[in-house]
Amino acid sequence: MKAVIIDGYVDEPAVLGVPPYVSPYIRYAAGALYYHGIDVDYFTIDQVRDNNMWQSFNNYEYLIIIGGVTVPGHYLGGTPISLTEIKKLFSFNKEPLRVLGGPIVKGYTLKGGKSAIKVESDDIDYLINGDIEKFLFEYPISDNFDLNARSDYNLISKIAPLGSEILKKHPRYPDIIVEMDVSRGCERTNGFCSFCTEPLINGRYRERPLKDLLEEAKAISDVGVKNFRFGRAANFLAYGSLQTNNEPNIELFKELYQEMSKIANIIHTDNANPAYIIKHKNKIRKALEIIVKYNTAGDILSFGVESFDKNVVKKNRVDIMPDDSLEAIRIVNEVGSIRDENGVPKLLPGINLLYGLIGETKETFEINKKYLEKILEDDLLVRRINVRQAMAFPGTLLFNVKPKQLKKEFIKFKEYMESYNHEMIKKVFPIGTILKDLIIEDIKGKISFGRQLGTYPIKTGVIGRFEKLNKINCIVISHGSRSLTALKYPFDINTATIEELKNIDGIGKKTAESIILKRPIKNLDDLDINEEAKKSLYLIKGGTFYGKD
């Protein structure tokens, strides 16, 4: 028996599975099949596209597609599968059992501000409304299966370590980052946000036993993947709280991070509820201190602020009021904004802002600006701000209400964010910050674009042409609104190309040419160049970073 899994990529509030991320869905589906002795092949949808593999799967018994985007995003590592591509794959490959799973089953859309449409096709044998691994575990051995059934962590403990083997077949192995499943559902007991799909997809809140999580992590590490993100959680800081009367579980966090530090190269996280931080300030500080002690720099706790407009917050049942959001941002800064030896902050908050919500007015945009400016004025750092239009899925309050979209105001706000992000990025990644193990993902002209492995790593354009998927170290020389410009590190003014030199702040083509003519240069003070250029060269010489002259 042979099965093939096509990874159409997922992006949900609590799961990211677009390369270089690999979602739990893929590993669990493979583990369920491996458990029954079924061989599994694995391809990403980008591999299918690039190699024209649309008719290549008729020799399998199972053709399984997993995908679904329930939050809008822009992706460098891959493009999520479209409905047309799903139909194409299933219509061209009629021999295997054709199975579709993942959040796409709840509805399909790839754009913010749109309502999802129902997925229907005569070419799909089984549309799995429940958990794909539950179906794949039961179907091979029983006719008594339920397409709506959800997994429990007893099943996950059986199949998750087995599923780690599939990672070897990822086209970017071993330079991938796995989303670790720590909890499902949302821990809130006072209702859910108007737009949230987490309770629809995952039901009531439940937590994975730490022992099982660590067992899977060790299995993943044993197959050669050492990069982990605790992304499969609506509120990571609440992990273990079912054992401690909803209080932060400090002992569990200590054991989790101590054990992960023994097997991982990268330890990152993602979602955190700012309201939970405010409710449990003292214990949360202890949890944050544990994270900062063991994590990898560049880590983010993403806050579902959604809006700083109190009226919008109330009408959409968002759990955090604006001033409390600011305080949560301040708390994470106080503990996490320390920098590692390369100048990268250890742990910063991220902010999600949503538009197209119930009760939104033109004033909402001005209120959001006011609070964002306050963050800058208070010298607080925010690693990234996602500004998106809400997607409305069946079963959510937002889908039923369908508020009016203020598109012109949204476009203007996005323009405002260009300048705002530029100022924030300069504070987070000053000139001279060193980024290690940047993986090149795209080349355009004389610039190679790449990212580090981690939580929302910043896109970086490195001057020069480097081979795709190669790792390089680089040093920041300037800033865009959502990206950095860098030079390969270590930097040597006596061997630098004219392209590298002229991209440094304060140095144009003529100054670059004069520097080259005066080489070898032993002392920067000997150069007759403007003060801006001299300051930039001092900052990048040897990787001098924030806080030093």
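I began with the second largest pocket, to whose lining strand E12 (266–269) and strand E17 (434–444) each supply at least two residues. I record at the outset that this is a predicted model.

**Entry 1. Second largest pocket**

I noted a volume of about 520 Å³ for the second largest pocket. I then looked up its lining, which holds 28 residues. Nearest the centre of this pocket I found Ile266, Thr296, Lys436, Gln452 and Leu453. Which strand gives the most to the lining of this pocket? I found that E17 does, with four residues. By class, I read the lining of the second largest pocket as 10 nonpolar, 10 polar and eight charged residues.

I read about 630 Å³ of space for the largest cavity. I found 42 residues lining the largest cavity, and the closest to its centre are Pro13, Phe195, Cys196, Gly304 and Glu306. I listed the elements that give two or more residues to this lining: strand E1 (2–12), strand E2 (15–16), helix H6 (198–202), strand E13 (271–272), strand E14 (299–306), E15 and E16. Of the contributions to the lining of the largest cavity, I noted that E14 gives the most, with four residues. I recorded the division of this lining as 23 nonpolar, eight polar and 11 charged residues.

For the second largest cavity I read about 80 Å³ of space. Among the residues that line the second largest cavity I noted Tyr25, Gly102, Pro103, Lys106, Arg150 and Ile201. The lining also includes Ile128, Asn129, Gly130, Asp131, Ile132 and Glu133. I recorded five nonpolar, three polar and four charged residues for the lining of the second largest cavity.

**Entry 2. Helix H13**

I examined helix H13, residues 362–377, which has 16 residues. From its first C-alpha to its last H13 reaches 24 Å, close to the 22 Å expected at 1.5 Å a residue. I found Thr364, Phe365, Ile367, Asn368, Tyr371, Leu372 and Ile375 of H13 to be buried. Why do these residues fall on the same side of H13? They do so because they cover an arc of only 165° around the axis. On the other side of H13 I found Lys362, Glu363, Lys370 and Glu377 exposed.

I then looked up what covers the buried residues of H13, and the cover includes helix H11 (310–315), helix H12 (322–336), strand E15 (347–355), strand E16 (384–389) and helix H15 (407–428). After H13 I noted Asp379, whose phi is positive, near 60°.

**Entry 3. Backbone exceptions**

I kept in mind that most residues other than glycine have a negative phi, and most peptide bonds are trans.

I noted Tyr9, which is not a glycine, with a positive phi of about 75°. I located Tyr9 in strand E1, and found Tyr9 buried, with a relative accessible area of 1%. I also noted Tyr456, whose phi is positive, near 45°. I placed Tyr456 in the loop between strand E18 (447–451) and strand E19 (459–463). Is Tyr456 buried or partly exposed? I found Tyr456 partly exposed, with a relative accessible area of 25%.

I then looked up the cis peptide bonds. One joins Tyr173 and Pro174, with omega about 0°; Pro174 has its place in the loop between helix H5 (153–163) and strand E8 (177–181). I recorded a cis bond from Arg519 to Pro520 as well, with omega near 5°. Pro520 lies in the loop between helix H17 (509–517) and helix H18 (531–540).

**Entry 4. Val119**

Last, I looked up Val119, in the loop between strand E6 (97–101) and strand E7 (126–127). I found Val119 buried, with a relative accessible area of 3%. Which residues does Val119 touch, not counting residues up to four places away in sequence? I listed Leu83, Leu100, Ile104, Tyr108, Ile124 and Leu127. Of these contacts, I followed up Ile104. The C-alpha atoms of Val119 and Ile104 are separated by 7.5 Å, and the two residues are 15 residues apart along the chain.

Note on methods
Residues numbered from 1 in each chain as written. Predicted model: local features only at pLDDT ≥ 70, side-chain atom pairs only at ≥ 80, totals over all residues. Heavy atoms only, no water. Expected span 1.5 Å × (residues − 1). Buried < 20%, exposed > 50% of the residue type's maximum accessible area, 1.4 Å probe, protein only. Arc of directions from axis to C-beta. Contact = heavy atoms within 4.5 Å. 1 Å grid on protein atoms, 1.4 Å probe; cavity = no way out; pocket = protein on both sides within 12 Å on 5 of 7 lines; lining within 4 Å. Points joined across faces, edges and corners; volume = space filled by probe spheres on them. Nonpolar A, V, L, I, M, F, W, Y, C, P; charged D, E, K, R; others polar.
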